[in-house]
Amino acid sequence: MSTTIVLFRQDLRLHDHPALTAAAQRGDVVPVFIYDPEAAGEWCLGGASQWWLHESLVSLKNTITKLGGSLIFRHGDTLACLQELRKEVNADAIYFSRQYQPWSPSLEQSIRSHFDSEGVSVKRFPGTLLHEPGTVLTGSGTAFKVFTPFWRAANKLTAASPIALPSVSWTGVSIQTDSIESWRLRPIDKTGERDWADGWDTLWTPGEDGAQRTLETFLEAPVEHYAEGRDTPAKRYTSRLSPHLKFGEISPRQVWAAAQQRKLSAPQWSSAIDKFLAEIGWREFCYQLIDLFNEMPNTPFKGQFGGFPWQNNAEHLRAWQRGQTGYPIVDAGMRELWHTGFMHNRVRMIVASFLTKHLLVHWIEGERWFWDCLLDADIASNACSWQWVAGSGADAAPYFRIFNPIAQGQKFDPAGEYVRRWCPELADLPKKFIHAPWEAPPMTLTSAGVTLGADYPHPIVDHKSARQGALDAYEFIKKAS
Ligand SMILES: Cc1cc2nc3c(=O)[nH]c(=O)nc-3n(C[C@H](O)[C@H](O)[C@H](O)COP(=O)(O)OP(=O)(O)OC[C@H]3O[C@@H](n4cnc5c(N)ncnc54)[C@H](O)[C@@H]3O)c2cc1C
């Protein structure tokens with residue numbers, strides 16, 4: 001009888017899991033998750049993602065237990081842990097889903113080289129993307145660097161259909177496993193007293209069931225408003241699938257298939273659903289870009305940005321991180337991030353533009369902060385999005401397009417509902433001044449109970465001169481290149 005180790009990674013689900021299905025067809029399956037933070041070097045999981053990982057693993061373990069198996073947890077070097085486990089269970093194969101982080105290919109290669117020499121079959125399977133990097137190509141066979149033609153070409157290919165839950169003969173019940181609690185993944189703040197993640201479990205349901213429910217709920221109704229509502233941070237018109245997708249609790253093929261079904265039952269929503277699927281397309285595009293340019297998390301895609309005159313003022317960075325810049329839409333976004341592990345996409349763009357253009361702080365600082373604070377922190381989407389906003393990425397927003405945080409607030413949060421939620425000290429300001437409290441007359445501030453500089457900061461930079469500073473910096477690299 002054959003025994004296959006299935007190494008779970010960022011694919012914490014049982015449905016549409018090609019590696020698990022193939023393993024189940026061979027014989028017994030030993031499921032394992034190895035926590036190997038060092039494999040990713042400086043990009044090891046951030047604090048918020050660690051919380052999600054913990055919850056998601058508990059959920060996967062419970063599901064496998066109900067099915068008669070036992071998910072094994074090990075901590076340490078992936079190859080060393082696999083070597084040990086293989087001997088313990090006498091496995092003749094190791095299967096896993098392929099991953100696309102810059103550090104994954106060498107890890108996968110080292111597993112293959114080691115076990116090849118022992119006669120153990122090592123196979124990796126797709127399952128994380130709709131289309132593998134290198135399969136959506138231009139007419140001349142090169143990778144796309146612009147999203148629209150990429151997505152047009154991707155839509156001409158057929159995405160494989162999701163695979164049903166296989167019948168699995170689990171084994172490994174008596175094998176030694178770590179206690180996941182001992183990994184201390186759930187964040188505690190520096191004083192050790194207050195759990196940073198307090199309340200997150202009321203906002204999120206990590207795990208495969210939670211992912212399915214999130215998708216169903218979204219396709220049931222909110223998707224109707226997606227096309228116009230996706231830019232309204234006060235409302236819940238986007239799917240909130242990103243952390244589920246990041247940890248592979250649901251596959252993009254499942255999302256794709258469910259969305260196509262929904263188009264059949266609600267054809268009037270087809271264009272909204274296509275808009276939503278195009279965002280799944282951005283996720284694909286980011287992975288394709290990082291496959292093309294592995295250094296994306298640390299290095300500007302457009303080389304001339306290497307000489308950009310960043311100012312990196314530590315106080316400004318700190319004010320941005322804490323939501324104390326004096327620009328309400330920016331501060332609301334940064335506080336939403338800290339309190340919920342999430343930030344609405346429109347606001348992500350505004351705060352990223354503010355950091356890189358108004359404050360001239362290097363995008364990598366923002367990328368790192370997001371990496372630590374986002375539940376959906378994803379190496380490809382995060383790096384590409386930061387570079388997109390900063391202007392240094394492929395298909396990036398031009399550097400000279402600088403978001404005006406006041407106008408953006410007025411346009412996308414016209415009544416100030418989002419700002420009032422996250423900056424309660426401004427809640428009683430009239431709509432007219434909610435995005436620019438410093439413009440309010442003293443009487444208005446007094447009756448709203450706001451003392452600028454005490455309850456809420458004065459703007460840390462002046463919008464007009466900051467904008468000019470950013471344009472000057474851009475001129476500098478244009479001349480230098
Ligand atoms: C500066 C910045 C950093 C970002 N960092 C991340 C990150 O670390 N992880 C991450 O998943 N997304 C990131 N995004 C993209 C986007 O903001 C989130 O994917 C989105 O807000 C998640 O919410 P949702 O699931 O409700 O999205 P929906 O609008 O419902 O979209 C559906 C799915 O499509 C994908 N998606 C949507 N927009 C994008 C996008 N612009 N780029 C890539 N994929 C997208 C996500 O997987 C998302 O779950 C970032 C955007 C910016 C501007």
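Student: Are α5 and α11 roughly parallel or roughly perpendicular to each other?

Tutor: α5 and α11 are roughly perpendicular, a label for angles of 65 to 115 degrees, with under 35 counted as roughly parallel, over 145 as roughly antiparallel and the rest as oblique. This is a predicted model, where local features need pLDDT of at least 70, side-chain atom pairs count only at pLDDT 80 or more, and totals for chains, interfaces and linings use all residues. Residues are numbered from 1 along each chain as its sequence is written.

Student: Which angle and distance go with α5 and α11?

Tutor: The axes of α5 (residues 147-156) and α11 cross at roughly 105° and come within 10 Å. Axes are lines fitted to C-alpha atoms, for helices over the stretch in contact, and angles run from 0 to 180 degrees between N-to-C directions. Helices are DSSP runs of H or I with at least four residues, strands are runs of E with at least two, and both are numbered from the N terminus.

Student: Which residues meet there?

Tutor: From α5, Phe147, Phe150, Trp151 and Ala154 meet Ala278, Gly281, Trp282, Glu284 and Phe285 of α11. Contact here requires C-beta atoms, placed from the backbone, within 7 Å. By class, that contact has 7 nonpolar, 1 polar and 1 charged residues; Ala, Val, Leu, Ile, Met, Phe, Trp, Tyr, Cys and Pro count as nonpolar, Asp, Glu, Lys and Arg as charged, and the others, Gly among them, as polar.

Student: And how do α11 and α16 cross?

Tutor: At roughly 85°, with the axes of α11 (residues 270-292) and α16 (residues 379-390) coming within 8 Å. α11 and α16 are therefore roughly perpendicular as well. Arg283 and Tyr287 are among the α11 residues in that contact, and Ile379 and Cys384 among those from α16.

Student: Switching to domains, what is the assignment?

Tutor: An automatic or database assignment gives domain 1 (2-127), domain 2 (129-159 + 208-292) and domain 3 (303-475). The centres of domain 2 and domain 3, taken over C-alpha atoms, are 27 Å apart.

Definitions and conventions
Contact = placed C-beta atoms within 7 Å.
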